[in-house]
Structures are given as structure tokens and as C-alpha cells.
Amino acid sequence: MLPTRFSPSSITSIALLQQATGTLALSLGECGDNTSSLGSLCSQAKWLYEAINHQSSMPQGTEPFPRPNEKSSNEGMKISFRNVTLRYPDSSRDAIQNMTFDIAPGQLVLIVGGNGNGKSSTLKLLARLFDPTSGEILIDDQPLISYDIDQLRAAMSFLSQSPVVYPASVKENICLSLPPTLKISDEQVERAAQMGGCSKWISKLSNRYETQLQPSFNIDGHKVRRTSISGERKIGAMFRNVLTSLLGGEKQRLAAARTFMRLNNRDTRLVVVDEGTSNLDPVTERDILSEFRKSRSGKTMIFITHQYHHLAKDADQILCMKDDSVIERGTHNDLIRAGGEYAKLYNAQAA
């Protein structure tokens, strides 16, 4: 039996191995019909070894998080952007430009704007997936780059639009990233599933919380292309019968349950929801967002969602983005009275 919880490195290794062996089996089944699949297999194997051996080139900080001696607030994470610009490698344009704003500890913040205006890029900088091209990001008044990145990320919970499902059981997916020494009861897992809106469909699975799930990703970053129908029949069906696949909305509910499990069992200072409920019906989305609001004590919360009318009036601060920068900041009432870009977006949604 697999352990109840995996470390990030072990779950990544298992996922890569499972995906690689699945692709290997499919490719071998296709070789009799299409010899070009062997070249694709070699390319994927090369990618696998490069991914396993990858070393980050980002400078690593050593400052502990949270900072001792009350330098970090128990109310949540303080975030400050100072003239931040980001241009991705090999890009000819900036993803975000000259952004400056402050988020106080414990605030509920809504980031709004049209597609392609830098909202998700802002969050990637917070998770330190990239460093700014220029400018500086501060966490609790300390440069982001000075922190031990593992400790800092352990205090963050991100719920994305395209969550990852790992080749493990439902329970293991929900408990992912919790400390291995932490004792988790079945009641706690079921409570997190209820908060994430997925307890009902889990109860319909063959083995409920012990059901093994099909991973939601491939080692080449997209769905494996199967060009041979006979190869699919020979090998592919065998893998489909072993693991249970989830639909888009089910994946988002499972990921929401995983996030609530972290909130209930870790010292989380920042919660980020980046279109994490985009595939859900309006009632389920409202209920999950309501659970996040109930869990906000001691946490800073940032939401990106296109359907934000039910969050707007609860937000302590709204950042409205356009042309890759923050053009308006304030509360819902302030921005509506100003009659600018936010008012235009909100009124169009409410119409």
C-alpha cells in the first residue's frame, strides 16, 4: 500500500514514472503500425531525464518564513510590489509593467481585468516561478528572494484553473503536501471533501476515497497523441481500466478539497485562487468561495475570477488590471463611484 502522504519530490517522481511507462507501452504497441512513434518515444525519454536532472538557476534565499520575533504578522502575509516588470524568456513584450501596490496582512483581494492583462503572471511571481525583470517584491517587508523558498511556499496555498491530479488515491490526492508526521483522520478528509464540494461524487466511486486516479498531465505537457488505433486497442485499454479519470469540474473540486485540507492542517498565510472554480456550476462555485471566506482568519486571500460579482462587496481591496498593469485600486464602492474600467467591467457582468 502507498503511504498516506507523499513528499513533493516523491509524488513528482511517481507521476513522471507512471506517465513515462504509460507512454512507453502505448508507443511499443504502435511500433508495428507506425515506426515514427519510436522517435517520439526517444524524445519523451530525453525530456524525462532532463526534467529529473533539472536544477533551478534562481538564487536561493536563506531567511526563514515566517520570520521570528513577530516580524511576520499572524493575520496573514503582507505583499508589496515595487515597480515590478516581468518579461518572460524569449518574449518580445512585457507580461506585466511597472506594477506597484500593497496588500495588507489578512486582506481579501480581488484581481480583475480582461484576458491577457497579466493577472496570472502576477501570481507566478508571488510563487517565485519567475523573478521580476526589474523592480522588487517584498513579503512582510523583506525581499522575496531572501527567503528560503521551500519554507515560503509551504505557507502558501494555490488553487489554479487547471489543477493536477496525481496517480494516487483520492485520499492521497487530498492529503498531498501535508507533513508526513501529521495524523489525519478519515473525518478530516471527508470534511475537506465536503468543503471542496466533491464528497457526493467521491461516494459514487468504486472504492470511494481509496479509488486510484488517472493523472491529469503528460510528460510532454499535453495529451499523448495516439496515432495507431490498433496500438490503442492492444495496450491503451489496459491502462484505462486500471485508473479512474476525472472530468474538469471534478478535478477542480478535488483540488479545492486539497486546498482546504492544507488550510485546516498547516500554518497557511496566503491563499490564492486563480480561476480555480471556472468549470463549476454557479451554486457550487458560490458555496466553495463562501467556504474560503469562512476560512480567512489569519490568512491573506487573493482571488482571480471572471465571475466576481458575489466576491466584490466582500473584498478589502480590488486591483483592476489593463494593459499589463494595475490601473485602479480600491474597494468596490470606491471604484463604482469612480466610474472607470472596473465599473465598466462590473456593470457589464451584472447586466
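Over how many bridges do strand E1 and E2 pair? The answer is 5, with strand E1 (residues 79–86) and E2 running in the antiparallel sense; two strands are said to pair if DSSP finds at least two bridges between them. The model is a predicted one, in which local features need pLDDT of at least 70 and side-chain atom pairs count only at pLDDT 80 or more, while totals for chains, interfaces and linings use all residues. Residues are numbered from 1 along each chain as its sequence is written, and side-chain values use heavy atoms, with hydrogens and water left out. Helices (H or I, at least four residues) and strands (E, at least two) are DSSP runs, numbered from the N terminus.

E1 and E2 belong to an open sheet of 4 strands, in the order E2-E1-E4-E5, with antiparallel pairing. Its edge strands, each pairing on one side only, are strand E2 (96–103) and strand E5 (142–143). Within the sheet, Ser80 stands opposite Asp102 in E2. As a rule, strands of a sheet pair through backbone hydrogen bonds, either parallel or antiparallel. Helix H3 (residues 119–126) lies across E1, E2 and strand E4 (134–139), running at about 115° to E1. Here axes are lines fitted to C-alpha atoms, for helices over the stretch in contact (heavy atoms within 4.5 Å), and angles run from 0 to 180 degrees between N-to-C directions.

In helix H6 (residues 186–195), Val189, Ala192, Ala193 and Met195 are buried, where buried means under 20% relative accessible area, exposed over 50%, and partly exposed in between (1.4 Å probe, protein chains only). These four sit on the same side of H6 because they cover an arc of only 165° around the axis, the arc being that of the directions from the helix axis to the C-beta atoms. Glu187 and Gln194, on the other side of H6, are exposed. After H6 comes Gly197, with a positive phi near 75°.

Helix H10 (residues 282–294) has 13 residues and spans 18 Å from its first C-alpha to its last, close to the 18 Å expected (1.5 Å times one less than its number of residues). Its buried residues are Thr284, Glu285, Ile288, Leu289, Glu291 and Phe292. They share one side of H10, because their arc around the axis is only 150°. Pro282 and Lys294 are exposed on the face turned away from that buried side.

Finally, Val164 is found in the loop between strand E6 (156–159) and helix H5 (170–174). Val164 counts as partly exposed because its relative accessibility is 29%.
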